[in-house]
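The following note sets out several points for the file on this structure.

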Amino acid sequence: MTSGATSPMNVYKLEPDVAAGFTGHLRATHPWFLPGLENCSGCGQTWSTTGLEYPCVDLTEFPHQAQYRQPRAEPQDVLTRLTEQLRSWLPAGLLLEPGASFGPMTGTARGLFGEIHLPVPWTLCMYREALERLQASGIHGLQGCRLNVRHRDEQAPELWELQLEHHGHFHPDCLPADRKPPCPRCGVESYDLPDPYLLDAQSLPTPVDLFRLADWPTLILATQRFVDTVQQLELDGVVFREVPVR
Ligand SMILES: [Zn+2]
């Protein structure tokens, strides 16, 4: 639900508009992955990141791409080798963590999709027309690529997935006071999503209107400008819930 306020600091979480009754369903995955980390020698955890998705980074031409097809966990030395081998081929500056995924989602689609569609809370798709209208309206940070999906209805609209940057941090007051420092070896931090969570105003505003929270990349967030534009264009499929900022 949106408020009437128009502060540039207002931030909203995108959620599916379940009341709208859309039936669209994707059975599709990204074709390439960095493995998860198996049994970290520092903290003992096996883990991978969810929500680090690069749909626009296609590894088809990468000579070692076959090593990245199978989602799995690997020991640190193997993971490091695979990460650095890929990093040397990619454009500089991409954040690479265990479990990152690459390439256009591939599979099948059925049913009727909203113009903006969250197949899972951490993946954002929209009709190509919706993406183009938002870009034409001056919304910042919209990079997308076409899904590689077959739809039984050949007239179904073309779906694109957004590749989102990571910005913004939790306010320290909402984090558990007794949380452990990050693992010195793998960097993983272990705490549950704070409930309720609060964003740090000093980490906002962001340079883009649609982003993942850097501290919790499964959270897809939008600025007031994005929300206002979606409503002006009457795009359907999602609702917006304001996130507190301090
Ligand atoms: Zn660790």
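Predicted model: local features only at pLDDT ≥ 70, side-chain atom pairs only at ≥ 80, totals over all residues.

1. Cys40 is buried, its relative accessible area being 4%. Cys183 has a relative accessible area of 8% and is likewise buried, since the cut-off is under 20%.

2. The largest nonpolar core. This core has 32 residues, of which Leu124, Leu134, Leu210 and Phe226 touch the most other members. The strand that gives the most to this core is β10 (residues 123–127), with four residues. In soluble globular proteins, nonpolar side chains tend to be buried together.

3. Surroundings of Leu124. With its neighbours within four places in sequence left aside, Leu124 is in contact with Leu14, Ile116, His117, Leu118, Trp160, Glu161, Leu162, Leu210 and Ile220. Of these, Leu210 is also named with Leu124 as one of the residues that touch the most other members of the core.

4. Aromatic pairs. The count of aromatic pairs comes to seven. Phe62 and Trp89 form one that is tilted, with 5.0 Å centre to centre and 40° between the planes. Phe62 lies in the loop between β5 (53–54) and β6, whereas Trp89 lies in the loop between α1 and β7, so the pair ties together parts that are 27 residues apart in sequence. Are the two partners buried or exposed? Phe62 counts as buried, at 3% relative accessibility, while Trp89, at 35%, counts as partly exposed.

5. Aromatic cluster. Ring pairs also link Phe170, Tyr191, Tyr197 and Trp216 into a cluster.

6. Helix α1. This helix covers residues 76–87, twelve in number, and reaches 16 Å from its first C-alpha to its last. That span is close to the 16 Å expected at 1.5 Å a residue. Which residues of α1 are buried? They are Leu79, Leu82, Thr83, Gln85 and Leu86. Seen down the axis of α1, these buried residues fall within an arc of 165°, so they line one face of the helix. The elements against which the buried residues of α1 pack are β4 (36–37), β6 (73–74) and β7 (101–102).

Key
Residues numbered from 1 in each chain as written. Heavy atoms only, no water. Helix = DSSP H or I, 4+ residues; strand = E, 2+ residues; numbered from the N terminus. Expected span 1.5 Å × (residues − 1). Buried < 20%, exposed > 50% of the residue type's maximum accessible area, 1.4 Å probe, protein only. Arc of directions from axis to C-beta. Contact = heavy atoms within 4.5 Å. Core = buried A, V, L, I, M, F, W, Y, C linked by side-chain atoms within 4.5 Å. Phe/Tyr/Trp six-rings, centres within 6.5 Å; stacked < 30°, edge-to-face > 60°.
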